Each structure stands twice: as structure tokens, then as C-alpha cells.
Amino acid sequence: MYKITNREDIKRYAGNIFRNGLPKGVSTGIPNLDPHYKYRKGELDVIMGLANIGKTTTMFYLMLNASMRYGWKWLCYCPENEPVGDMISDVAEMFVGKSADKDRLDRMGASEFSNAIDWVLDHFTIITFKEQPSATQVLEAFEEQMEVVKYDGCLIDPLNDLRVENGFSKYDYYYNMLSNIRRFKQKHNVKFILTTHAGTTAARKKDDAGRVPAPSMYDVEFGGMFANRTDNFLVIHRHLNSEQWDITEIHVRKVKFQKLVGLPTQEDNPVYLKYSPKNCRFTYLNNSGGGSFIDPLHSLSIKANEETEIGF
């Protein structure tokens with residue numbers, strides 16, 4: 001069964017693009033990252049890195065950034081980040097820019113923490129399952145929730161937790177899963193994020209300085225498949241046993257729609273973010289000089305806190 005594409009439909013579509021242009025990605029608010037990656041709905045992103053490197057923290061920071069700037073709402077399945085309350089508390093700390101740790105003298109107040117939790121729960125919905133689900137079950141749950149609330153993005157973190165359905169080889173399972181996710185994100189016009197771990201071979205590699213280099217797209221299991229079928233592929237990396245252990249590298253390995261989103265980073269020139277434990281956030285290096293680091297969420301959190309009035 002097939003059909004010939006209608007000539008008039010194509011001309012109408014092309015004419016609209018000529019007049020109005022394709023929707024471009026919107027700024028991350030991080031000047032060093034924007035030339036390489038911007039937020040754009042209707043795309044599938046794969047975020048990959050070695051174990052315990054900070055993928056989830058970096059990813060939630062970027063998601064929170066989109067929520068604070070554009071009001072984006074996220075629907076998430078995150079089995080490795082349970083209890084869910086811990087994860088929501090971490091995002092609330094990022095939102096405020098202060099710790100909630102009771103042993104910190106500079107911790108946020110109770111009302112401030114309550115307001116932050118409410119704000120995060122307005123923008124992040126987490127689903128859980130009693131037993132390990134398949135990708136089909138997660139997408140079905142997402143589909144049901146999309147009928148209730150209009151979400152801007154979806155997250156599965158990590159892909160490796162999903163159960164392979166009976167009768168499928170792992171390769172066929174992943175291939176079908178990516179096909180279904182691509183249809184889902186187009187149907188609902190959402191940013192869809194998948195996180196996955198790099199293979200063990202990548203962790204054993206060493207560069208000339210004896211450090212573990214950032215993985216490539218092909219260091220993920222069935223890497224060629226993911227490299228071909230994703231729109232954007234980001235690698236998160238840190239050099240844990242070095243003086244720069246607190247510097248997070250974002251390697252943008254692939255961007256499908258480069259005119260609309262950005263250009264991949266060069267192999268030896270990633271985007272650098274520095275995590276601030278005091279502010280529970282990332283900062284970026286000020287390229288204008290001085291070597292200072294800038295918090296792109298600072299002004300946004302002041303405005304958000306002024307607008308939020310709910311408390312315990």
C-alpha cells in the first residue's frame with residue numbers, strides 16, 4: 001500500500017515554509033552552547049556518557065532551564081532516580097539556587113523550599129511502574145498522560161532499564177523502539193530525550209595524558225543505529241581524576257537540522273560548564289574575559305521566586 005504525494009499539498013507546505021520559515025530552536029541562555037545546540041520540539045535527543053559522570057544532573061539542568069525560560073512541562077520515567085522525592089528536591093535546589101541540606105548554614109528557608117517543590121511539580125511529572133516496563137508500556141503511559149496535560153518534552157532515563165519484550169532480539173527491539181519514539185514525538189510535537197550509558201570499552205580507553213576521553217556516538221551499544229536515528233546526540237563527560245573534576249564537558253556529536261539547531265562541537269573543543277555546589281547549578285565561562293563563571297539562571301530564579309506565593 002502506497003500513495004503518490006499530492007502536488008498541491010507539497011506546494012502549499014513549501015509556500016508556507018518560504019513565507020514563515022521552519023521553526024528554529026530557542027536559546028538555552030548559555031552563549032557557549034547556543035551555536036551548537038538549542039531547544040527544538042519535535043526532535044529526539046540521545047544523551048550518553050560513562051557511569052557516574054553526571055549525565056542526569058546535566059540533563060535535568062538543561063530541562064529546568066527550558067522550563068524556567070519557556071514554561072516547558074516534562075513527562076519523565078526515571079527508575080534510577082528513586083525515591084522520586086529526592087530527584088524533585090534536587091531540581092528544586094537548582095530552581096532556587098540554594099541547598100536544602102539541613103546541615104548547611106546557608107540553606108533555603110522552609111517557605112522557599114515549599115514554593116520550589118510546587119513549582120517543580122507543576123513542570124515535571126514523574127511516572128513509576130511496579131515492575132520493569134518495556135518501551136511499549138512507557139510510551140502507552142506517556143500517550144495516556146498526553147491526553148490529560150499538554151507536555152513539551154518527554155524523558156526516559158535510562159534506556160538501559162527498559163525490558164526487552166519477548167520474541168525480539170535486542171537489536172530489533174531497539175530499532176522498533178526508536179521508530180515508535182520518532183512517531184510519538186512527531187505526533188505530539190515534543191522534545192524526546194533518551195539517556196544511555198557508554199559501553200565498558202569506552203571506559204578503558206586512555207588519551208595521551210592518561211585520562212579517559214569522552215566517548216563517541218559509536219561507543220553506545222548498537223551505536224550506528226542510534227547515531228543514524230536520533231536528531232541530536234550529546235555526550236556528557238568529566239575527567240574525574242584530574243584537577244578539573246568539576247568541569248562538565250558537553251560534546252555535541254550530531255545535529256541533524258543544523259540550520260535550525262546548531263553545529264556539532266569540534267572533537268577537542270566541547271562546551272564547558274562548571275558546577276557550583278553552593279548554588280546547586282552549573283555556570284558557564286565568560287568568554288568576554290576575566291575568567292569568571294556566569295549563572296544563566298540567576299535572574300530567572302529571582303523572577304520566578306517573586307511570582308510564586310504558595311507555601312507549606
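## The largest pocket

Start with helix 3, which gives the lining of the largest pocket its largest share, 6 residues. Keep in mind that this is a predicted model, not an experimental one. Helix 2 (55–70) joins in too: helix 2 and helix 3 each supply at least two residues of that lining.

How much space lies in the largest pocket? About 450 Å³. A total of 23 residues line the largest pocket, and the closest to its centre are T57, T58, D90, M94 and Y275. If you sort the lining by class, you get 11 nonpolar, 6 polar and 6 charged residues.

## The largest cavity

The largest cavity has a volume of about 60 Å³.

Which residues line the largest cavity? They are Y37, Y39, I47, M59, L62, M63, W74, I193 and L234. Helix 2 turns up again here, with the largest share of this lining, 3 residues. As for class, the lining of the largest cavity has 9 nonpolar residues, with no polar and no charged ones. Compare that with the lining of the largest pocket, where 6 polar and 6 charged residues sit alongside 11 nonpolar ones.

## Helix 3 meets helix 4

Next, a look at how helices pack. Two packed helices are described by the angle between their axes and by the distance between those axes. The axes of helix 3 (residues 84–96) and helix 4 (residues 110–123) cross at roughly 110 degrees and come within 9 Å. Angles from 65 to 115 degrees count as roughly perpendicular, so helix 3 and helix 4 are roughly perpendicular to each other.

Who does the touching? On the helix 3 side, the contact is made by I88, S89, V91, A92, F95 and V96. On the helix 4 side, E112, F113, A116, I117, W119, V120 and L121 take part. By class, the contact of helix 3 with helix 4 has 11 nonpolar residues, plus 1 polar and 1 charged.

## Helix 5 meets helix 6

Here's a second pair to set beside the first. Helix 5 (residues 135–146) packs against helix 6 (residues 170–188) at an angle of about 10 degrees, and their axes are 10 Å apart. Are these two roughly parallel or roughly perpendicular? Angles under 35 degrees count as roughly parallel, so helix 5 is roughly parallel to helix 6.

Helix 5 brings A135, L139, F142, E143 and M146 to the contact. Helix 6 answers with Y173, M177, N180, I181, F184, K187 and H188. The residues of this contact divide into 8 nonpolar, 2 polar and 2 charged.

## Salt bridges

How many salt bridges does a search of the whole structure find? The search finds 16. One to look up is between the side chains of R12 and D9, with 2.9 Å from N to O. Both R12 and D9 lie in helix 1 (residues 7–20), and they are 3 residues apart, about one turn of the helix.

## Backbone details in the loops

Where are the cis peptide bonds described here? One joins E82 and P83, with omega at about 5 degrees. You'll find P83 in the loop between strand 2 (74–77) and helix 3. Another cis peptide bond runs from D157 to P158, with omega near 0 degrees. P158 lies in the loop between strand 4 (153–156) and helix 6.

Also check out N189. This residue has a positive phi of about 55 degrees although it is not a glycine. N189 sits in the loop between helix 6 and strand 5 (191–197).

## A look at T56

Last stop: T56, which is found in helix 2. Leaving out residues up to four places away in sequence, T56 touches N81 and D157.

Conventions. Residues numbered from 1 in each chain as written. Predicted model: local features only at pLDDT ≥ 70, side-chain atom pairs only at ≥ 80, totals over all residues. Heavy atoms only, no water. Axes fitted to C-alpha atoms, helices over the stretch in contact; angles between N-to-C directions. Helix = DSSP H or I, 4+ residues; strand = E, 2+ residues; numbered from the N terminus. Parallel < 35°, antiparallel > 145°, perpendicular 65-115°, else oblique. Contact = heavy atoms within 4.5 Å. Nonpolar A, V, L, I, M, F, W, Y, C, P; charged D, E, K, R; others polar. 1 Å grid on protein atoms, 1.4 Å probe; cavity = no way out; pocket = protein on both sides within 12 Å on 5 of 7 lines; lining within 4 Å. Points joined across faces, edges and corners; volume = space filled by probe spheres on them. Salt bridge = Lys/Arg side-chain N within 4 Å of Asp/Glu carboxyl O.
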